[in-house]
Amino acid sequence: MKIQLEKPDINSLPESPGLYTFHLKIADLAILGLRGNADFTNGEINNAKLKLLKRINRLKKIYEVKNYKGKLSVGDGDRVSEKYKLEAKTEISLKFEFLKNRLEFIDDISNLVKILNSLNFLMPPLYVGITVNQGLKTRYWQHKRNYEKNESGTFGSRLKSDGLLWSDLEFHTVIIPSSIMEKSTVQFCESLIHAFGRPIYSYS
């Protein structure tokens, strides 16, 4: 039996069980305010470059949401001599002046966006899930309805609370034939992706 990895057309997605992920789009022409395949003016290209930099900064902040707080005690056995309160957060190192300077030399913004669009699946997943008794298409539309209705405690509501649009997402699936589908096996795979991919919107 063949296990299929796909970036599906949602309307043609089969009602099969499997694993799925939601990823953030790095950029597309619509996000950057460009429409169609026409020749863009210098003004449109420069505006798109500025929007791309803002978009990258937005993605950076989303992936830096983890904050850590705790206490550290220094001492010998039961005798604590010093106590420290610690606060830290994850940071992503991006040099925006460097990116801005590199963008100055790029004229073909359409091809840049096409390349960036092909890299979306390399971004850490926002959300990882499985379907066993439910089809992937049904699960996708369920997530979308939760987003539209802002259902509390769901993936969709967490997206909305951070100001993300549904169109910011890209959906990927691994279709697993029902004949080899075992819940424990798929849950094991899901646990590994959670551990190494750290999908930040999979947790409330």
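**Confidence first**

A: This is a predicted model, and pLDDT stays under 50 over residues 1-5, a stretch for which the model has 15 contacts beyond four places in sequence.

Q: What should I do with coordinates where pLDDT is low?

A: Where pLDDT is low, the predicted coordinates should not be read in detail.

Q: And what does the protein average overall?

A: The average pLDDT is 80, and 81% of the residues score at least 70.

Q: Where is confidence lowest, and where highest?

A: Strand β1 (residues 4-6) is lowest, with a mean of 50. Helix α4 (residues 136-149) is highest, at 93.

Q: OK, the fold. How many helices and strands?

A: Six helices and six strands. Starting at the N terminus, the order is β-β-α-β-β-α-α-β-α-α-β-α.

Q: How much of the contact count comes from residues 24 or more positions apart?

A: Among contacts with a separation of 6 or more, such residues account for 78%.

Q: What share of the residues count as buried?

A: 38% of the 204 residues. The protein exposes about 13100 Å², and carbon and sulfur atoms supply 52% of that area.

Q: Changing topic: how many salt bridges does a search of the whole structure find?

A: Three. One of them joins Arg 55 and Asp 168, with the closest N and O atoms 3.1 Å apart.

Q: Which parts does that pair tie together?

A: Arg 55 lies in helix α1 (residues 42-62) and Asp 168 in the loop between α5 (155-161) and β6 (169-175), so the pair links parts that are 113 residues apart in sequence.

Q: Are Arg 55 and Asp 168 buried or exposed?

A: Both Arg 55 and Asp 168 are buried.

Q: What about Lys 25, what does it form a salt bridge with?

A: Asp 28, and the closest N and O atoms are 3.6 Å apart. Lys 25 counts as buried because its relative accessibility is 17%, and Asp 28 counts as buried at 13%.

Q: And Glu 148, which residue does it bridge to?

A: Lys 144, with the closest N and O atoms 2.7 Å apart. Glu 148 and Lys 144 are four residues apart in helix α4, so about one helical turn separates them. Glu 148 is partly exposed, with a relative accessible area of 48%.

Q: Aromatics next. How many aromatic pairs does the count come to?

A: It comes to 15 aromatic pairs. Tyr 20 and Phe 22 are edge-to-face, because their ring centres are 6.1 Å apart and their planes are at 85 degrees.

Q: Is that pair buried or exposed?

A: Tyr 20 is buried, and Phe 22 is buried too. Phe 22 also pairs with Phe 171 in a tilted arrangement, 4.8 Å centre to centre with 40 degrees between the planes.

Q: How far apart in sequence are the parts that Phe 22 and Phe 171 tie together?

A: They are 149 residues apart, since Phe 22 lies in strand β2 (residues 18-24) and Phe 171 in strand β6. The relative accessible area of Phe 22 is 0%, and that of Phe 171 is 6%, so Phe 171 is buried.

Q: Which residues form the aromatic cluster?

A: Tyr 20, Phe 22, Tyr 127, Tyr 140, Trp 141, Tyr 147, Phe 155, Trp 166, Phe 171 and Tyr 201 form one cluster.

Q: Now the surface. Which residues make the nonpolar patch?

A: Ile 115, Leu 119, Phe 121 and Leu 122, over about 390 Å². Leu 122 is in the loop between α3 (109-118) and β5 (127-131). Leu 122 counts as exposed because its relative accessibility is 58%.

Definitions and conventions
Residues numbered from 1 in each chain as written. Predicted model: local features only at pLDDT ≥ 70, side-chain atom pairs only at ≥ 80, totals over all residues. Heavy atoms only, no water. pLDDT = per-residue confidence, 0-100. Helix = DSSP H or I, 4+ residues; strand = E, 2+ residues; numbered from the N terminus. Contact = heavy atoms within 4.5 Å. Patch = residues over 30% accessible without salt bridge, like charges linked within 9 Å, V, L, I, M, F, W, Y side chains within 5 Å. Areas by Shrake-Rupley, 256 points an atom, 1.4 Å probe, with all protein chains shown as cover. Salt bridge = Lys/Arg side-chain N within 4 Å of Asp/Glu carboxyl O. Buried < 20%, exposed > 50% of the residue type's maximum accessible area, 1.4 Å probe, protein only. Phe/Tyr/Trp six-rings, centres within 6.5 Å; stacked < 30°, edge-to-face > 60°.
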